[in-house]
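Me: I am new to this structure. Please take me through its salt bridges, aromatic pairs and pockets.

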Amino acid sequence: MPAETIDIRRAEDRFATTIDWLDSRHSFSFADHYDPVNTHHGVLLVNNDDRVAPGAGFDTHPHRDMEIVTWVLQGSLVHQDSAGNSGVIYPGLAQRMSAGTGILHSEKNDSWVLTGDRPHDEPVRFIQMWVLPDEAGVTPNYQQLEIDDDRLRSGLIPIASGMPQHRDDTAITIGNRGAALHGARLATGETVQLPHARYLHLFIARGAVTLEGAGPLAEGDAVRFTASGGQRVTATDPAELLVWEMHTGLGGG
C-alpha cells in the first residue's frame, strides 16, 4: 500500500497551451509539455481543461487503447469518429469513447445558434480525461448519457465507472474495473465527503471550496490523494467538482 499523501496543485501552476482558437490547461504532461515526474496519478493520464473558440476545434486525429471521458461545462461540442458515431455534447451529458484498437475522431465547437433572428456564438469549455483500460486491443466503442441536474445536486454521484458496484447507477461505463469518475454541483455551504481509495483526484471545475484539513481551493485547482479519502469538501461559492476514485495505478500498483 502506498504512503498517505495529499498533494495540492494550483491552477496557475498547470501546463498551458494557448493558441488563437484554444486555451488548454493540462494537469499532467501533455503534447509539447513534458515533466517526467508529472505524467499521471493512479490510472488518470490526462485532465485537460479546454476552451475552444467558436467555429474551431480539434480536426480528425487518432487515439488507441485509452478510455476518454468528456464533460462539458459551457457551450456544446460536436463529436464525430471513424466508427460512425456522432453527437453533440452539452453540460450534463457525459460522453465516453473507448479507443481500443484505434479510432479517429474530431471535436468542434457547436455554439453557433440563432437567438431570435440574431446569431449568437460562445466558446465551449470542457474537461477531457483519459484513463488506462484494463485490456488493450478491444473493439472501439462510444457511449453518451444525460445526467439530470437534480441528481448532480444531490451529492457526489458516479458519472463514469467501471466498478461493479456502480452497474445499477446512472453512469456511463468505462473499461477499467477499478476506476470511477464522480461529480457534484454544490450550492454555497453544501458539503460532500470524498470516497476512500488508493488514488483520488479532486478537480475544482468551477467555483470555490474548502477541503477539510487543507483549506481553500479555487477554480482549476486539483488535489491528488494517495491512500486517503473521507475528507469533506464544502462550497464557499457555487461549485462543480470532478473526482476520480481509483483503486489501482499504472501496472496495477
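Reply: A salt bridge is a side-chain nitrogen of Lys or Arg within 4 Å of a carboxyl oxygen of Asp or Glu. This is a predicted model, in which local features need pLDDT of at least 70 and side-chain atom pairs count only at pLDDT 80 or more, while totals for chains, interfaces and linings use all residues. Residues are numbered from 1 along each chain as its sequence is written, and side-chain values use heavy atoms, with hydrogens and water left out.

Me: How many salt bridges does the rule give?

Reply: The rule asks for a nitrogen of Lys or Arg and a carboxyl oxygen of Asp or Glu within 4 Å. Applied here, the count comes to 14 salt bridges.

Me: How far apart are the closest N and O atoms of E240 and R185?

Reply: E240 is in strand β24 (residues 239–246) and R185 in strand β17 (residues 179–186), so the pair ties together parts 55 residues apart in sequence. Strands are DSSP runs of E with at least two residues, numbered from the N terminus. The closest N and O atoms of E240 and R185 are 3.5 Å apart.

Me: Are E240 and R185 buried or exposed?

Reply: Relative accessible area decides this: under 20% is buried, over 50% exposed, and in between partly exposed (1.4 Å probe, protein chains only). E240 and R185 also belong to a network of salt bridges with D149, R153 and R206. Both E240 and R185 are buried.

Me: Which residue forms a salt bridge with E219?

Reply: E219 lies in the loop between β21 (215–218) and β22 (222–228), and its partner is in strand β4, so the pair ties together parts that are 168 residues apart in sequence. With the closest N and O atoms 3.8 Å apart, the partner is R51.

Me: What kind of aromatic pair do W21 and F58 form?

Reply: Rings of Phe, Tyr and Trp (its six-membered ring) pair if their centres lie within 6.5 Å; planes under 30 degrees apart count as stacked, over 60 as edge-to-face and the rest as tilted. The whole structure has two aromatic pairs. The centres of the W21 and F58 rings are 5.2 Å apart and their planes at 80°, so the pair is edge-to-face.

Me: How many residues in sequence separate the parts that F30 and W130 tie together?

Reply: F30 and W130 form an edge-to-face aromatic pair, 5.7 Å centre to centre with 75° between the planes. F30 lies in the loop between β3 and β4 and W130 in strand β13, so the parts they tie together are separated in sequence by 100 residues.

Me: What volume does the largest pocket have?

Reply: On a 1 Å grid over the protein atoms alone, where a 1.4 Å probe fits, a pocket is an open set of points with protein on both sides within 12 Å along at least five of seven lines; lining residues have an atom within 4 Å of a point. Grid points are joined across faces, edges and corners, and a volume is the space filled by probe spheres set on the points. The largest pocket holds about 360 Å³.

Me: Which residues are closest to the centre of the largest pocket?

Reply: Strands β9 (93–98) and β16 (172–173) each supply at least two residues of its lining. Of the 26 residues that line the largest pocket, the closest to its centre are S161, G162, T173, I174 and G175.

Methods: Helix = DSSP H or I, 4+ residues; strand = E, 2+ residues; numbered from the N terminus.
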